[in-house]
Amino acid sequence: MTHGPGSTRRRFLTDAAAVGTALAVADLGLLATITPAAATPEAMRTAIRNVVGEAPVQTGKVKLDLPPLVESGNVVSVTVSVDSPMTANDHVKAIHLFNEKNPLPNVIGVRLGPRAGRASLTTRIRLADSQTVIAIAELSDGSFWSDSVSVIVTLPACVETL
Amino acid sequence: MKRGAVIALLAIWSGGAATAAEIPLSERKSGYEFMGGEARAMQDDDTANPAMLWVLDGEALWSRKQGEAGKSCADCHADAQASMKGVTARYPAFDAARARPVDLEQRINICRTEQQKATPLPFESKELLALAAYIAMQSRGMPIEARDDEHLAPFLRAGADMFKLRQGQLNLSCAVCHDDNWGRKLAGAPIPQAHPTGYPLYRLEWQTLGSLQRRLRNCISGMRAETYAYGAPEYVELELYLMWRARGMKIETPAVRP
Amino acid sequence: MARAIVNVPPKAKHGDVFEIKALIQHEMETGFRVDNMGKVFPRDIITDFVCKYNGEEIFRAELFPAVAANPFFSFFTTATESGAVTFEWSGDNGFSATASRNIVVE
């Protein structure tokens, strides 16, 4: 889609909003639209590299719990748990969450330690579109492990337009 | 009118309608049953339900002295857990002075202006929602009352008419989706039966607590019909009908919905 | 101060692993929403959350706009000694909130 001098894109967003298909999150009394997502799978890879450097990221040990079909992208419950004894010598140092289609690739970064007793985190995140979410755990031995889930994000049928 | 006559009249009237038929009591399901496990878990846990943030605010507001009269809700109503128990299960209620039903938010503002001599709280404001949530929660678990008040009959009828009225660019009525097609999918989302058992509630789409009127406005604009202003009597009449339609179901405030 | 709901068991046995929950009221304005005149709603989010147990950090989170409004966390820690579990949130525009719960460890 070409971005002409303002008017074409604005009309596209207005038309899309009128049909109710745009991701319109209205503040009361105002019609708000979210600017098109700027993140790409490439941006996510860069964000991951900023965290892990050149170290390889293996799959395993991490379980990323997300509903495969989400009722509202605005609030998505997510649980990340890592198989680890959480001792002083062998524990999870950090858990990072990334996504590929929100405007930004980072979601949250959490620092843990052996005192946690159990490497498990539950939180609520926003997902702008159906996409892949990746959880990466950094262990005390410097290794990185990951899990990923593809999520379908739906919207309630009657999106609010006030 | 004799006792029971109002309910009988309405039952005959709605049973006579050609298409939309009222959902029988045994088949009534709360919106809770149409949503996924995560949203249900959020509602079930008071330590994780975002709506509880507003309830706690409401609890604080209950004891705060307001207005020129310098009175708090507590000064007249003492402990809300006792005095407000069962209130929302019988709202909207008939207000004799106004000769019409009022909903809970309007009732709160009537108290504010007449008793506390304070300015009314704006519709959908954080304070009004917090107070409404705190008060409504005192009826959690109680069944919505089946009321047989002859004063309410014309307003109940107006609400029932509006529920069945086709409106807007899509020529839909509430009944077409919520009486005739509940349980089916609309744009991938299940259509609930539209029982207001949990208001004010935390709607994930709003990312905040909101009132039934806000939800009705969503529906009406979603049907591509023109919405009324907040506080319009049409909403109170519709709410009156919806609560009658949901009679016997348990209050869930503060609920969570997608 | 913004309303917060935190949950720490009042009692635990030494060595037990217990769950902590923290929920705070905050809109988490992403900075990506635009009004109908094209003006951006500026970003206003909580950026950091720290939980300490008798002064020692046991959980730290760096939040981005993708964290949902009214941020919620549930995590675990080991019961070591009696004392205070404290919670601190900070963010854009000088946002700051704290909470604290006592725990008795036997």
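Two strands count as paired if DSSP finds at least two bridges between them. Helices (H or I, at least four residues) and strands (E, at least two) are DSSP runs, numbered from the N terminus. Keep both rules in mind for the tour.

This is a predicted model, where local features need pLDDT of at least 70, side-chain atom pairs count only at pLDDT 80 or more, and totals for chains, interfaces and linings use all residues. Residues are numbered from 1 along each chain as its sequence is written, while chains are lettered from A and ligands numbered from 1 in the order in which they are written.

**Stop 1: chains A and C**

Select A:R111. Its bridge partner in strand 6 of chain C is C:R60. Now show strand 7 of chain A and strand 6 (residues 56-63) of chain C. Four bridges join these two strands, and they run antiparallel.

Chain A gives 32 residues and chain C gives 24 residues. On chain A, look at strand 1 (33-34), strand 7 (106-111) and strand 8 (120-125): each supplies at least two residues of the side that touches chain C. Colour that side of chain A by class. You will find 15 nonpolar, twelve polar and five charged residues. Here Ala, Val, Leu, Ile, Met, Phe, Trp, Tyr, Cys and Pro count as nonpolar, Asp, Glu, Lys and Arg as charged, and the others, Gly among them, as polar.

**Stop 2**

Select six strands in the order 3(A)-5(A)-8(A)-7(C)-3(C)-1(C). They form an open sheet with antiparallel pairing. Strand 3 (62-65) of chain A and strand 1 (4-7) of chain C stand at the edges; each has a single partner strand, so one side of each has no neighbour in the sheet. From one strand to the next, the twist averages 15°.

Zoom in on strand 3 of chain A and strand 5 (residues 76-82) of chain A. Four bridges pair them in the antiparallel sense. A:K63 stands opposite A:S81 of strand 5 of chain A.

**Stop 3: chain C alone**

Hide the other chains. Chain C has zero helices and nine strands. Its radius of gyration, taken over C-alpha atoms, is 16 Å, well over the 13 Å that the globule rule gives for 106 residues, so chain C is more spread out than a compact globule. That rule is 2.2 Å times the number of residues to the power 0.38. Along the principal axes, the C-alpha atoms of chain C fill a box of roughly 60 × 20 × 20 Å.

**Stop 4: chain B**

The average is 91, and 92% of the residues score at least 70. Residues 12-20 of chain B are below 50; beyond near neighbours in sequence, this stretch has eight contacts in the model.

Next, show helix 6 (residues 104-114) and helix 7 (residues 126-137) of chain B. They pack at an angle of about 110°, with their axes 10 Å apart. Among the residues in contact are B:I108 of helix 6 and B:L131 of helix 7. By class, this contact has seven nonpolar, no polar and one charged residues.

Finish with three strands of chain B in the order 6-5-7. They form an open sheet with mixed pairing. Strand 6 (208-210) and strand 7 (256-257) of chain B are at the edges. Two bridges join strand 5 (residues 201-203) of chain B to strand 7 of chain B, and these two run parallel.

Key:
pLDDT is the predictor's confidence in each residue, from 0 to 100. Two residues are in contact if their C-beta atoms, placed from the backbone, lie within 7 Å. Axes are lines fitted to C-alpha atoms, for helices over the stretch in contact, and angles run from 0 to 180 degrees between N-to-C directions.
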